[in-house]
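Biologist: I would like to learn how to read a model like this one. Could we go through it feature by feature?

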Amino acid sequence: MKPRVELSTPEKGWITLTLDVDGQHFKLEFWHIPVDFVANLASAVAGIAEGRGTTAAEASAESNGRYVFEFTESSATDTLRLVIRHWPSWTSRTTGGATMLDAEAPRLEFLRAFWRGFQNLRGRCEGADFESRWGSPLPTNAIDSIGDKARREHSLPASKRTSRV
């Protein structure tokens with residue numbers, strides 16, 4: 001089963017992320033304060049697309065605490081691993097946290113799933129509409145970067161895909 005990412009249309013500063021990968025399902029509603037999760041997530045995925053081996057995105061679920069999405073790629077196997085950790089309070093800064101999801105998929109499939117999720121969101125809500133619903137602008141440059149890189153990599157022969165264009 002290929003990874004699937006869905007972001008709901010934001011409402012009053014809340015957005016729901018649904019992620020299906022490696023037979024696992026994760027769904028949670030996130031709040032735009034104290035961090036811009038949409039921008040953090042787009043930036044983390046764009047960083048992986050640009051060849052940074054490890055990136056992370058923070059998120060807040062307000063009363064449900066703090067989440068960190070940790071992306072780590074393996075160039076040896078051309079896979080991307082996503083670990084989502086949870087702390088019950090935003091102020092919790094201890095190491096560890098409870099693991100909510102630990103999944104791995106082919107790197108390119110993961111990138112394409114996130115890009116599709118962001119593009120679907122963008123198709124429903126962009127510009128001033130997105131900003132008024134979410135509280136911050138939609139990170140279109142990072143989203144475009146993910147799509148550009150995924151398309152370029154997809155067109156390469158399989159033997160050259162790990163060499164980062």
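Biologist: Which residues of helix 2 are buried?

Modeller: Buried means under 20% relative accessible area, exposed means over 50%, and partly exposed lies in between, with a 1.4 Å probe and protein chains only. In helix 2, the buried residues are Arg-107, Leu-108, Phe-110, Leu-111, Ala-113, Phe-114, Gly-117, Phe-118, Leu-121 and Arg-122. Gly-123 also sits in helix 2, but Gly-123 counts as exposed because its relative accessibility is 68%.

Biologist: What is the ground for these values?

Modeller: This is a predicted model, in which local features need pLDDT of at least 70 and side-chain atom pairs count only at pLDDT 80 or more, while totals for chains, interfaces and linings use all residues. Residues are numbered from 1 along each chain as its sequence is written, and side-chain values use heavy atoms, leaving out hydrogens and water.

Biologist: What span should helix 2 have, and what is the distance between its end C-alpha atoms?

Modeller: The expected span of a helix is 1.5 Å times one less than its number of residues. Helix 2 covers residues 107-124, so its 18 residues should span 26 Å; the end C-alpha atoms are 26 Å apart, which agrees.

Biologist: How many helices and strands does the protein chain have?

Modeller: Helices (H or I, at least four residues) and strands (E, at least two) are DSSP runs, numbered from the N terminus. The protein chain has 4 helices and 7 strands. Their order from the N terminus is β-β-β-α-β-β-β-β-α-α-α.

Biologist: Which strand is joined to strand 4, and by how many bridges?

Modeller: Two strands pair if DSSP finds at least two bridges between them. Strand 4 (residues 54-60) and strand 5 (residues 66-74) run antiparallel and are joined by 7 bridges. Glu-58, for one, has Val-68 in strand 5 as its bridge partner. The hairpin of these strands has 5 residues between them, and there Glu-62 takes a positive phi near 55 degrees.

Biologist: Which residues touch the most other members of the largest nonpolar core?

Modeller: A nonpolar core is a set of buried Ala, Val, Leu, Ile, Met, Phe, Trp, Tyr and Cys residues joined through side-chain atoms within 4.5 Å. The largest one has 45 residues, of which Leu-19, Phe-26, Phe-30, Phe-69, Phe-71 and Phe-114 touch the most other members. Helix 1 (residues 37-49) gives the most to this core, with 9 residues.

Biologist: What does Leu-19 touch?

Modeller: Contact means heavy atoms within 4.5 Å. Not counting residues up to four places away in sequence, the contacts of Leu-19 include Arg-4, Val-5, Phe-26, Ile-84, Phe-110 and Phe-114.

Biologist: Where is the cis peptide bond?

Modeller: The bond runs from Ile-33 to Pro-34, with omega near 10 degrees. Pro-34 lies in the loop between strand 3 (24-31) and helix 1. Another backbone angle to look at is phi: Lys-12 has a positive phi of about 50 degrees although it is not a glycine. Lys-12 belongs to the loop between strand 1 and strand 2 (14-21).

Biologist: Where does pLDDT stay under 50?

Modeller: pLDDT is the predictor's confidence in each residue, from 0 to 100. The average for the protein chain is 89, and 88% of the residues score at least 70. Over residues 156-165, pLDDT stays under 50. Where pLDDT is low, the predicted coordinates should not be read in detail.
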